[in-house]
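I wanted notes on how the parts of this structure meet. I set down below what I looked up, entry by entry.

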2 protein chains.
Amino acid sequence: MDMEWIQANLLAQTPSCAQLAADAARNRPVTLHGQIQTLRRLGDVVFVVLRLRDGLLQCVLDNPDRLDAARLLREEAAVKVSGTLLPEMRAPGGCELHITELELISLPGQPRPLPLNRKSNGMSLDAQLNWRPLMLRHQDQRDRFRIQAELCRAMRDFLHREGFTEIHTPKLVSAGAEGGSNIFRLDYFGQAAFLAQSPQVYKQTMVGVYERVFEVGPVFRAEKHNTVRHLNEYTSLDFEMGFIDSFRAIMGMETAMLRSAWLELAEVCQPELERLKLDLAPPGPIPAVRFADAKRQIQERTGWRSRDPNDLEPEEERLIGLWAQETYGSDWVFITHYPTTKRPFYAMDDPEDPRVTLSFDLLYRGIEVTTGGQRIHDYDQQVAKMRQRGLDPEAFATYLMAHAYGLPPHGGLGIGLERLQMALTRAANIRQAALFPRDMKRLTP
Amino acid sequence: MDMEWIQANLLAQTPSCAQLAADAARNRPVTLHGQIQTLRRLGDVVFVVLRLRDGLLQCVLDNPDRLDAARLLREEAAVKVSGTLLPEMRAPGGCELHITELELISLPGQPRPLPLNRKSNGMSLDAQLNWRPLMLRHQDQRDRFRIQAELCRAMRDFLHREGFTEIHTPKLVSAGAEGGSNIFRLDYFGQAAFLAQSPQVYKQTMVGVYERVFEVGPVFRAEKHNTVRHLNEYTSLDFEMGFIDSFRAIMGMETAMLRSAWLELAEVCQPELERLKLDLAPPGPIPAVRFADAKRQIQERTGWRSRDPNDLEPEEERLIGLWAQETYGSDWVFITHYPTTKRPFYAMDDPEDPRVTLSFDLLYRGIEVTTGGQRIHDYDQQVAKMRQRGLDPEAFATYLMAHAYGLPPHGGLGIGLERLQMALTRAANIRQAALFPRDMKRLTP
């Protein structure tokens, strides 16, 4: 019988581009692999730009005829190259590899129909999304989603340090938490099931278990919006914390989290941020204004006539963002005390004015990136608010179990990861901040 | 206009139980908050066991009549207490708080119908799951899911160190990747959509972008299994890596990841592991045997008559687990070279014997916790295998874009987080390893 032992074994990583630049200063010989981003032949020299996991590396192949593999080279081929790294200020990353050995590892089945060396290729966003698997190989795209990954990691690391426990809660649910008809429905072995619009009921339940919890996962909204800032599936970072003394504690925690993430990003994503020409000033302190005041302010300053006195339209959010920037020099602004009628049944009303809730949105560069607030923790109060809204507490029996058997005062928030990345990277459309976006018309790729 | 500045502000965490034990050695005065797990009055003394975020703390209140709040105390009340910590070997965590001040923060709406101080309360698993929001407050449950959270974190941190980029891919998809009818279907604005059975097509696509990627997220299987090891929604940790020289590289990477996670868990979850009486020997090296050999071995040793020559039944996996333990002293065993007929269209056939694939499962204590393998990276080869299976390559056009425009040799795996936790914590039923499990009959809580 064949049997072998599998050792814990790390396949060596390709060095990072920063490491390569350091190696170049010492004229180090290196061997590495990657796919060919661009290929140019100039007389007897071949210039190969190699796509490494975190950047591009210019390589030069002199006298290509001496190598058999060189004849077969083409864009998107996977290759292994050996040679000497030399500093070269004109090359991306500041170094250049002089190839001495070349091994062809795999070849594409078809020639690449699009170049990857210009920014937009003049394509419409829709066409770019149709070609997404290929377009994501563009350095600009790779940088954007490296930033997304590091942003997510930095926020998660912060929450871990602050004593939050990570949870995984079901996306197949028996009822919606956010109300309304914006919910996907499906057949679940003969029962009606829905796709979770948020982990709201579960994260509140888990406050009674771990005091502080968070989750990063998909949420689903069957909204019939076709705008530059809506997706029908997005990644939500949710946290919920117990024993708060005010809903300001949640805003304080978010400010601290964003500040920590921004400081970390500026360090770990320095090359990406430079290439995208993005400045990252760490947020905080962040101005907070009441919903009614913000609304009045915009009306007075711009003459904007609001169609909905109880909510903010995207254009109003944009105007508030501009106003916060001008008045307080801040890209960020908390809007607090949203009207009770526009917040879900679990939102806690302000004891000083029950027409408004102890809730907030956070706007970043005029775009809503967070909704949060304090929740009702008292059982009788929650049951009463449900009844007042015509909801049957019986239908929420397992949710109310947490309240019935005790919850501390608590609150939390949900951050749309794509919204945050969109505003951070100054993308014009949220579809540019999702690897494979889902909208009313788009279910592929 | 009201306006205030929100500072980056961390609401102080309750100290960890380890920190409290250290404070006790110095007779430190402390103030902390928690919910009351159990309450016992013995004459003029009240014993309060407080539920803190990571453990329990015994508190003693002498002469309770001197404090107004003491009369209102009940189980599951949220309280803030001040006092002096003293070492007490008989108390959980080795210390005890002598309460001098007590503040009642919130009260439960109803008396708790179940005690939380005995292990199973004699309830059936089904009843326990119905009471899940409350039962999760049991220390045993809290320990299990703290382990899950730390396990997930340790694996993610490992992947980050090894140069993997985290991705978020859609769960609403236009076609299934794993084949078969085990897929949930829903209406998506008039189109037919499905819930992703795995991020397979996306993670392969992303190998062409970042070389190494991973995702942790929900996957959905409409399997009509009602067994102790199946869930219809579970959390999958998927990774995929390019430029592999053999499918063994994936097994080597997994072994390294598990080893790293086990070593980290033993440290950060020491209290949880001790309370659950779990031993954690770090895995590796791990024996690997071929599918056909493992099958023959079990038949010869136990007389087991397999009903399916091309797959392993759960009972066979259990027997293989026992055999690996006896023969190699290993809780873990890789089964390699699964029959081609049982693996999906993207699996790479063994060039030495196309009846089997360069694929593997990993069994841990006789339970399948991972499926992985090398994938086809060549475009023509992938199209041919699809045609051979009666699949229309046109229907996979955006998936095949990655192959058409070049992919390096690559492979990866999916780990069922609940399966891994189930085996690690020696749970008899996978429902004990999901916070809110979903099975054919269960959609609540």
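**Chain A against chain B**

I counted polar contacts between chain A and chain B and got 62 residue pairs, both residues at pLDDT 80 or more. A polar contact here is a pair of N or O atoms within 3.5 Å; within protein, one must be able to donate a hydrogen and the other to accept it, and residues adjacent in sequence count only if both atoms are side-chain atoms. I then looked up which element gives the most to the side of chain A that touches chain B, and it is helix 4 (residues 139-161) of chain A, with 13 residues. Helices (H or I, at least four residues) and strands (E, at least two) are DSSP runs, numbered from the N terminus.

I note that the model is predicted: local features need pLDDT of at least 70, side-chain atom pairs count only at pLDDT 80 or more, and totals for chains, interfaces and linings use all residues. Residues are numbered from 1 along each chain as its sequence is written, chains are lettered from A and ligands numbered from 1 in the order in which they are written, and side-chain values use heavy atoms, with hydrogens and water left out.

For contact (heavy atoms within 4.5 Å), I found 135 residues of chain A against 135 residues of chain B. The two chains bury about 11400 Å² between them, 63% of it on carbon and sulfur atoms. Buried area is the accessible area (1.4 Å probe) that two parts lose on being put together, summed over both. In chain A, the residues that lose the most area to chain B are A:Ile6, A:Tyr405 and A:Leu443, together 7% of what that side buries.

**Salt bridges**

I searched for a side-chain nitrogen of Lys or Arg within 4 Å of a carboxyl oxygen of Asp or Glu. The whole structure has 62 salt bridges over all chains, and four cross the interface of chain A and chain B. I looked at B:Glu166 with A:Arg156, which stand 2.5 Å apart, N to O. Inside chain B, I looked at B:Glu76 with B:Arg112, at 2.6 Å, N to O. That pair links distant parts of the chain, 36 residues apart.

**Strands**

Which strand of chain B does strand 13 of chain A pair with? I found strand 1 (residues 3-6) of chain B, joined antiparallel by four bridges to strand 13 (residues 286-290) of chain A. The bridge partner of A:Ala288 there is B:Glu4. Two strands pair if DSSP finds at least two bridges between them.

I also traced an open sheet of nine strands with mixed pairing, in the order 1(A)-13(B)-14(B)-17(B)-18(B)-19(B)-12(B)-11(B)-7(B). Its edge strands are strand 1 (3-6) of chain A and strand 7 (165-166) of chain B.

**Domains of chain A**

The assignment, automatic or from a database, gives domain 1 (17-106) and domain 2 (139-433) in chain A. Their contact takes seven residues from domain 1 and five residues from domain 2.
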